[in-house]
Amino acid sequence: MVKPKVLVTRRWPAAVEARLSESFDTVLNTSDTPLTPEEFRTALQNYDAVLPTVTDRIGNLALELERPQTKILANYGVGYSHIDMAGVTRHGITVTNTPDVLSECTADLAMTLLLMVARRAGEGEREVREGRWTGWRPTHLVGTKVSGKTLGIIGYGRIGQQMAKRAHHGFGMKILVQNRSRVAPEILAQCNATQVDNIDALLPQCDFVSLHCPGGAQNRHLINASRLNLMKPDAFLINTARGEVIDELALSQALWFETIAGVGLDVFDGEPNINPALMNCDNLVMLPHLGSATRESREAMGFRVVDNLCDFFQGREPRDRVN
Ligand code: 8YV
């Protein structure tokens, strides 16, 4: 049997690339830089499957094609707001993602950011490295206690629930939840969480707010100037979801005028470019999209893609179809 022709748009963990090559005629983008839109368009005409990542902005490309060769986009990652779903679905292209296998590590990173901003760890690290530390003193880099505080979680899917577990069972935090659909009582009960009707009602009650909703047009600037204004001045905001969920200009103003206490970001609108307005805010910790960046998660994500491809090309329903 002829093996399906598969393009991997970025380098993956070696074990996964090896597994892929066993079942597929695999081509790796050895330059390991993102494909240009033109290269991506060509890929859709020449490969049975393309395996994109968040760095492949698959806007209206598919729409412009007559008859793409590609039958499946097996995304390496859980979020797929970089893919024009309506466009590719119209061409009958299947899209899959990699849920579950990165939830714990992404929640770990959200918790890392929460602790870092509350305890001013970013500021402290910069101070030590830059030789500015003059020694212990009672008033030095005094932060905010985390234990027992109220955490608002926006988007109570797999990652949001993992975040709640860490915060509630590890730090005794009270959990408030906002989610587009009703969360089952038994799920809420796991962390003694309360679902709040809408974001505007949730924000004023929280000491910390962590975003775990999808990106894309529907949630663009979900956190805007007026919502930032609803947060307590001593509250913190964490984003490991997608950059576009926050209006970054409004955020920089909130930080600058200290209408909120601090922010931890792992994702950015237009990343890897960082809005210059954010660069000089001290009470901000920024990480380079590390949510799923553990050996374990990155391998598991890859194997999940391989499983989806095997199902698809062997005539079974892929487990992680999203369209
Ligand atoms: C991925 C992520 O590593 O899975 C996601 O949606 O945000 C990341 O943790 C990245 O998107 C790879 O495509």
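I take helices (H or I, at least four residues) and strands (E, at least two) as DSSP runs, numbered from the N terminus. By that count Gly122 lies in helix α5.

**Entry 1. Ground rules**

I number residues from 1 along each chain as its sequence is written. This is a predicted model, and I follow its limits: local features need pLDDT of at least 70, side-chain atom pairs count only at pLDDT 80 or more, and totals for chains, interfaces and linings use all residues.

**Entry 2. Overall fold**

I counted twelve helices and twelve strands in the protein. Along the principal axes, the C-alpha atoms fill a box of roughly 70 × 50 × 35 Å.

For burial I use C-beta atoms placed from the backbone: a residue is buried if 20 or more other C-beta atoms lie within 10 Å of its own, exposed if 12 or fewer, and partly exposed in between. Of the 323 residues, 40% count as buried.

For contacts I require that the C-beta atoms of two residues, placed from the backbone, lie within 7 Å. Among contacts with a separation of 6 or more, 64% join residues 24 or more positions apart.

**Entry 3. Domains**

I took the domain bounds from an automatic or database domain assignment. Domain 1 is 5–101 + 295–313, and domain 2 is 103–286. Their C-alpha centres lie 31 Å apart. Five residues from domain 1 and seven residues from domain 2 make up the contact.

I class Ala, Val, Leu, Ile, Met, Phe, Trp, Tyr, Cys and Pro as nonpolar, Asp, Glu, Lys and Arg as charged, and the others, Gly among them, as polar. On that scheme the side of domain 1 that touches domain 2 has one nonpolar, three polar and one charged residues.

I also checked the UniProt record, an unreviewed entry, which annotates residues 111–291 as "domain: D-isomer specific 2-hydroxyacid dehydrogenase NAD-binding". UniProt positions are in the numbering used here, feature names are shortened, and annotations may be inferred rather than shown by experiment. I find the span to be 33% helix and 15% strand, with its end C-alpha atoms 11 Å apart.

**Entry 4. Ligand shell**

Which residues surround the ligand? The list is Thr53, Val54, Tyr76, Gly77, Val78, Gly79, Leu102, Thr106, Gly291 and Ser292. This shell divides into four nonpolar, six polar and no charged residues.

**Entry 5. Pro99**

I found Pro99 in the loop between β5 (94–96) and α4 (103–118). Pro99 is partly exposed, with 18 other C-beta atoms within 10 Å. Leaving aside neighbours within four places in sequence, Pro99 is in contact with Val78, Arg158 and Asp320. Val78 is also one of the residues around the ligand. From Pro99 to Gly124 I read 25 residues in sequence and 35 Å in space, C-alpha to C-alpha.

I looked for a cis peptide bond and noted the one from Glu271 to Pro272, with omega near 10°. Pro272 is in the loop between β11 (262–265) and α11 (276–279).

I then checked positive phi values. Arg120 has a phi of about 60° although it is not a glycine. Arg120 sits in the loop between α4 and α5 (121–129), and counts as partly exposed with 19 C-beta neighbours inside 10 Å. His289, also not a glycine, has a positive phi near 45°. The loop that holds His289 runs between β12 (284–286) and α12 (295–313). His289 is partly exposed, with 18 C-beta neighbours inside 10 Å.

Back at Gly122, I find 19 other C-beta atoms within 10 Å, so Gly122 is partly exposed. Beyond four places in sequence, Gly122 is in contact with Met116 and Val285.

Is Arg90 buried or exposed? Arg90 lies in helix α3 (residues 85–90) and is exposed, with 11 other C-beta atoms within 10 Å. Arg41 lies in helix α2 (residues 37–46) and is partly exposed, with 17 C-beta neighbours inside 10 Å.

Notes. A residue is near a molecule or strand if its C-beta atom, placed from the backbone, lies within 6 Å of it.
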